[in-house]
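Please look over the model shown here.

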Amino acid sequence: MTALLNFREKIKEVYAKYDTYFVSIWKFILALTAFLTINARLGYFGKLNSIFIVLILALFCSFLPINAVALLGTALLLGHLYGLSLPALIVGGGILLLLLLLYFGTTPGEGYVLVLTMLALAFGIPCVIPLVFGLISSPVALAAVCFGTFSYYTLSVINGTTETVAAAAGNASAAEESQALVENVKGLLEGILHEDKLVLMLICMTAALLVVYLIRRMAIAHSWTAAILAGTLTFFAVDMTGCLIFGRAGDIPGLLIGTVISVLIAVSVKFFLFQVDYARSMSVQFEDADYYYYVKAVPKIKKGRDESGEY
């Protein structure tokens with residue numbers, strides 16, 4: 001444990017010294033991962049699948065605010081939806097643009113939450129979002145989490161109806177083109193509105209994030225650990241119940257694996273951001289002209305103990 005604590009402090013020192021470079025690298029990696037994931041899952045517009053275009057866009061994002069990833073990612077999505085079909089562009093593009101406007105009108109500073117939520121869902125570890133952002137953020141992040149979740153499942157529904165849309169578009173004659181367009185748009189909207197996974201995931205994300213946030217704010221020992229445990233149980237219980245209700249018991253093994261990975265990531269975040277020694281906590285009392293103050297102080301652990309037992 002001592003070696004890990006000392007290693008953590010060295011990492012924090014290096015990060016503090018070169019934070020500007022690390023932030024740019026972090027944004028580049030985030031943008032690159034997001035754009036490659038979009039191309040891998042959609043990829044209907046061939047010219048946008050070029051690795052050189054993706055690298056240039058990601059490099060561009062590394063020098064811009066984090067919201068550039070969301071904006072360029074949306075542009076990339078619109079291009080692929082256009083390559084799929086006009087109904088897909090109308091429905092998916094309309095919903096994405098509406099969500100983007102709502103996002104910039106409510107929580108414009110949470111762009112990384114929006115992007116990471118979509119990536120976590122794509123990689124099958126959605127539980128990590130409420131665990132991590134419940135620990136390091138506030139309920140304000142819920143808006144970006146919900147926008148990211150809605151965007152992901154909107155694209156999933158559209159991607160899942162690719163063959164139907166393509167067949168309808170190919171079979172429609174010139175006289176039936178307008179009617180086919182309306183029917184396709186209507187079908188996509190109904191598919192999104194009746195997507196049970198979307199509603200279930202919104203409930204899971206909201207419940208788990210609020211539980212984590214409320215518990216880690218409590219003045220109790222090991223609050224962050226308790227928050228991770230409670231948030232994990234909340235997410236898993238709600239999601240598993242939904243899987244059983246909607247007849248998707250086959251999703252439970254994946255849910256279990258994703259939850260375990262999410263917990264490991266949350267514990268790593270706790271290790272780097274919240275490490276205290278409850279054994280050395282103390283109660284402090286002082287006063288001013290109007291009040292008496294009773295404060296419990298818990299020291300942070302910044303390095304390992306030496307031979308005398310001191311930090």
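## Aromatic pairs

Y291 is exposed, with a relative accessible area of 55%. Exposed means over 50% relative accessible area, buried under 20%, and partly exposed in between (1.4 Å probe, protein chains only). Y293 reaches 31% relative accessibility and counts as partly exposed. This is a predicted model: local features need pLDDT of at least 70, side-chain atom pairs count only at pLDDT 80 or more, and totals for chains, interfaces and linings use all residues. Residues are numbered from 1 along each chain as its sequence is written, and side-chain values use heavy atoms, with hydrogens and water left out.

A pair of aromatic rings is described by the distance of the centres and the angle of the planes. Here, rings of Phe, Tyr and Trp (its six-membered ring) pair if their centres lie within 6.5 Å; planes under 30 degrees apart count as stacked, over 60 as edge-to-face and the rest as tilted. The structure holds nine such aromatic pairs. The pair of Y291 and Y293 is tilted, because the ring centres are 6.2 Å apart and the planes stand at 55°. Together with F286, Y291 and Y293 make up one aromatic cluster. Y152 and Y153 pair edge-to-face, at 5.1 Å centre to centre and 85° between the planes. Both Y152 and Y153 are buried.

## Overall build

The secondary structure of the chain amounts to 13 helices and two strands. These are DSSP runs, numbered from the N terminus: helices are H or I with at least four residues, strands E with at least two. Of the 311 residues of the chain, 40% are buried.

Contact means heavy atoms within 4.5 Å. Among contacts between residues at least 6 apart in sequence, 72% join residues at least 24 apart. The chain exposes about 17,000 Å², and carbon and sulfur atoms supply 68% of that area. Accessible areas come from the Shrake-Rupley method with a 1.4 Å probe; for residues, only the protein chains shown count as cover.

## A nonpolar surface patch

Nine names belong to one nonpolar patch on the surface: V14, Y15, Y18, Y21, F22, V23, I25, W26 and I29. Their accessible area together is about 860 Å². Patches are made of residues with over 30% relative accessible area and no salt bridge; like charges are joined within 9 Å, nonpolar side chains (Val, Leu, Ile, Met, Phe, Trp, Tyr) within 5 Å.

Which helix gives the most to the nonpolar patch? It is α2, with six residues. Helices α1 (2-17) and α2 (19-41) each supply at least two residues. V14 lies in α1. At 40% relative accessibility, V14 counts as partly exposed.

## Salt bridges

Side chains of opposite charge can pair when their charged atoms come close. A salt bridge is a side-chain nitrogen of Lys or Arg within 4 Å of a carboxyl oxygen of Asp or Glu. The whole structure has two salt bridges. One joins D196 and R248 (3.4 Å, N to O). This pair links distant parts of the chain: D196 sits in helix α11, R248 in the loop between α12 and α13 (252-273), 52 residues apart.

R248 also meets D251 in a salt bridge (2.7 Å, N to O). Buried or exposed: how does R248 count? R248 is buried, at 16% relative accessibility. D196 is partly exposed at 25%, and D251 is partly exposed at 34%.

## Two loop residues

Most residues other than glycine have a negative phi, and most peptide bonds are trans. H222 is not a glycine, yet its phi is positive, about 55°. H222 lies in the loop between α11 (196-216) and α12 (223-245). Its relative accessible area is 48%, so H222 is partly exposed.

P126 is found in the loop between α6 (111-122) and α7 (128-136). P126 is buried, with a relative accessible area of 10%. Leaving aside neighbours within four places in sequence, P126 is in contact with A120, L121, M201, M205 and F235. P126 and M205 are 79 residues apart in sequence and 8.0 Å apart in space, C-alpha to C-alpha.

## Cysteines

A disulfide is a covalent bond between the sulfur atoms of two cysteines. With the rule of a pair of cysteine sulfur atoms within 2.5 Å, the count comes to zero disulfides. C61 is buried at 0% relative accessibility, and C146 is partly exposed at 25%.
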